Amino acid sequence: MSARGEKKDDMNDEDKRLQEDLLQLVDVLMGKDEKAMARALIHLRILMQTSTTSMTSVPKPLKFLRDYYARLKDAYFKIEKNDDIKRQFAEILSVLVIVGTSPGSRECLDFCIKGAVRNPGEWGHEYVRQLEAEIVDEWTSAPIKEEEDIRSQLTPLIESIVKFNMKHNAEIQACDLCLEIDQMNFLHDYLDSNNFSRVCHYLTSCAAYSEDTERKQILEFVFDQYMRFGEYSKAMLIALQLANPDLVFKCLSTCPDPLIRKQLAFLIARQQNHLMKKEYQEEDAQDIETILSNGHVNGHFQILARELDILEPKLPEDIYKTWLETGMRRDIDYDSIRSNLASSFVTAFVHAGFGEDKLMANTKDCWVYKNKGYTMLSATASLGLIHLWDVDGGLVPIDKYLYTSDDYIKSGALLAIGLVNCGVRNECDPALALLSDYVLSTSEILRIGAILGLGLAYSGSQRSDVAELLTSALNDKQSSMEIIGLSAIGLALVYVGTANSDISYVILQKLLELTIEQLANTHYRFLSLALGILYMSCRDVIDTPSAALEVLPEPYRLACQTMLQICAYAGTGDVLIVQELLRICSEPVNGKESIYGTPITTPVASCCDHGKRVVSNPTTEDNQAKNKTPNSKEIGISQAIASLGVGVVGLGEGKENSRIFGQIGRYGPTQARRAVPLAMALSSLSNPEPALLDVLNKYSHDNDVDVAHNAILALGLVGAGSNNARLATMLRQLAAYHAKNPSHLFLVRISQGLVHLGKGTLSLSPMHYSSRILDRTALAGLMVVLVACLDCRNLILDKSHYLMYCLATAMEPRWLVTLDKDLKTLPVSVRVGQAVDIVGKAGNPKSIAAGNVHTTPTLLTHNERAELLLDEYEPLSSMLEGNVHWYALHSGNNNAAP
């Protein structure tokens, strides 16, 4: 007996009767008796709608009628007169299409329209899914001439499907349909207080995978819905994600609750881009302005430090723990000046924001004078980082250094003043008052501190008076390339991410005026970086400046255009841009050999040189220099920038980019390999994942000296502010391994200081609020340091080590602080755990896993969130998660603060 016969015999009596009834109805429908056909259609409809089966199998009526679909379709086309029968017949056929034809035929939609189906949901979810797929195909592929008619015909059907989905907890499917046809307005009428949150959360997640125009449309729709249902804190986060000043102001000014308005002001203040361009003039304008100035940061940070009992200052030796370093120890201090410089940076990083240390506070044994030249500048500037955010109290200990006769110390004090004001606004404007007189000073040393200090103090402020000062320094004919580069960086920091045409013109004009000899100077790279910072995350508005750069000679043209491109697409994750960057890394540009900075094999007269200079592995370096081809010189800097750009564009996507970095690290050209550790660090800032630490540790032993340099510094950036014990042990082992190499050891010490940044309370990550919102000012400061590391030996390891202080723009406490209505700290019990992705999940799933109970203020590590432990208080914001600033709370009862 055949298999089909066996299968038929396996049917029970009920199935056999159902099959016989269906076949009789099919025979009637293929006849010519219209009355009988009408009765058969009604009966067939009832059988198909009432049939029940398991969730994983096809309904039995559809299974039995599958082989008769073609005959029934022929019978349908033979009906000519009775429109009512034809309509009912078409509805039946539209359901049978699911099992009767191959995908892509669109017959289901065709018969559905002919059958005038008003409620497709009554045929079940699978039928609705089939219709959705065919509607998308029809909507997107409609001919231009017929597009309007087809879409107007489909609109009622789409509305009924969306209504059905929203009613039956299938909001995700409704969103997908509207996203595919690019018609978000269909969702508007069917959102209510029960489903809007889930819909908006899903749409926000989808926006990250859409192209820029569609992304903005989705987020603007989500913003409108949050505003409509009174979720002002979520609406503000969307406005910040769009970086739209009008929406930010609209959200703040529309909110009716003064307490929530203060919470919104805290959200805005965390982003240093100063998106409040319009003046807020409500009753609480003064309170809002106070919050936006970030003047409270230092006070609350001191409270956090006191709660954690970490106010006691430390010596650099407490961080190095040299007594634990294994392996061969040095009997002689090869480079005491460089060692002292490292100690200055370490004490600055470790005590950032604490206002007290043991090196600079020791007035009897003045630490500054244990340095010389440019190292005195950095040593004095460390005071600015130690007193970070403390404008009122931090200027007093710095003031005395302004009256010294040594220009290096005075310049360091000027830079320190800028650092103290970084991220904080003060109505007295002390930074502008104290630094403006030195911007055009006859002493180049003083100009360095004044210009960089102004850029850091007013980063993101868009202050025209500061811009005028920096522009005058940029256009000064007496300015060296170092001053020109710093002036451009200062201008870009003040106007970061604004695409300001006037500032763009000034920087472009200066860049195009440079001679070949000036372009050969390593500081030229900061002009192209400044142009990129100006267009940070502005995406496709860079066509004009990119075209203007065409007049530059190679290799500088490609390098500048690449720098502009990676900054403009920073944090977007644009796959096409990443592919273009990988093409640059893999395909050298042919051309004449050109001057590129200071040759790698040229000894550099460092400010830190003390006695005989120790050169590491000269044979390897000489071999590398001999093996360099003209093409590698031509494309080298562009490939390094492109390699770094993969990390910039895919910011925060460390695991996703790991394979790309692995390929470049193994098979990429020399210059591209040198930037790989920096790109990896940028993808995982302040997030020391063990696998990444192992890879960077291997790179730190690389034969290429520059790869090793960048890998050592990358270890510090990855572990910044984490106090990671495994990484600290790894760095101690590196210190012992590189004990006889002062350059490597200096960078190891810097990394050790970064790992203990703010004694483990600070973060360098520029991605905020579940990595959805990019802090452009923070990324701009990071980019200055990373681009400087592309020529580490001639910048960070030479006289420009003060550029490390640009990391101050990215420093922020990784805390959760709760406040009452008077903005005073309010201890609250919270559960802190790893964030869980709940997008699209049914019900009310928990947003954290494996939580521990803490009392605020408390620290949050990467990818951690917090939720209230008790119902005693209600948060005014839903975003109690990683790297959060403040959350004002109000009580759920009458006994606590309202």
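Which residue is the bridge partner of Val830 in β9? In this predicted model, the partner of Val830 is Leu868. The pair belongs to the contact between β6, residues 829-835, and β9, two strands that run antiparallel and are joined by five bridges. Both strands are part of an open sheet of three strands, ordered β7-β6-β9 and paired in antiparallel fashion. Pairing on one side only marks β7 (848-855) and β9 (864-868) as the edge strands. On average, and with direction ignored, neighbouring strands of the sheet are turned by 30 degrees against each other. Strands of a sheet are held together by hydrogen bonds of the backbone, in either a parallel or an antiparallel arrangement.

The loop between β7 and β8 (858-859) holds Pro857, and the peptide bond leading from Thr856 to Pro857 is cis, its omega being near 0 degrees. A further cis peptide bond links Glu554 to Pro555, with omega near 5 degrees. Pro555 is placed in the loop that runs between α31 (543-548) and α32 (556-568). In the loop between α27 (481-494) and α28 (501-513) is Ala499, a residue other than glycine whose phi is positive, near 55 degrees. Most peptide bonds are trans, and a negative phi is found in most residues other than glycine.

The empty space in the model was also examined. A probe the size of a water molecule, rolled over the atoms, shows where such space is left. Two cavities of 30 Å³ or more were counted. The largest cavity has a volume of about 180 Å³ and is lined by 19 residues, with Gln272, Asn294, Trp389, Met811 and Glu812 closest to its centre. Two or more lining residues come from each of the elements α16 (258-270) and β4 (812-813). By residue class, the lining of the largest cavity comprises nine nonpolar, seven polar and three charged residues.

The lining of the second largest pocket divides into 15 nonpolar, 16 polar and 10 charged residues.

The average pLDDT is 84, and 88% of the residues score at least 70. Over residues 328-334, however, the pLDDT is below 50, and this stretch makes 10 contacts in the model beyond near neighbours in sequence. Residues 882-898 likewise have pLDDT under 50, and the model shows 72 contacts for them beyond four places in sequence.

Key. Residues numbered from 1 in each chain as written. Predicted model: local features only at pLDDT ≥ 70, side-chain atom pairs only at ≥ 80, totals over all residues. Heavy atoms only, no water. Pairing = 2+ DSSP bridges. Helix = DSSP H or I, 4+ residues; strand = E, 2+ residues; numbered from the N terminus. Axes fitted to C-alpha atoms, helices over the stretch in contact; angles between N-to-C directions. 1 Å grid on protein atoms, 1.4 Å probe; cavity = no way out; pocket = protein on both sides within 12 Å on 5 of 7 lines; lining within 4 Å. Points joined across faces, edges and corners; volume = space filled by probe spheres on them. Nonpolar A, V, L, I, M, F, W, Y, C, P; charged D, E, K, R; others polar. pLDDT = per-residue confidence, 0-100. Contact = heavy atoms within 4.5 Å.
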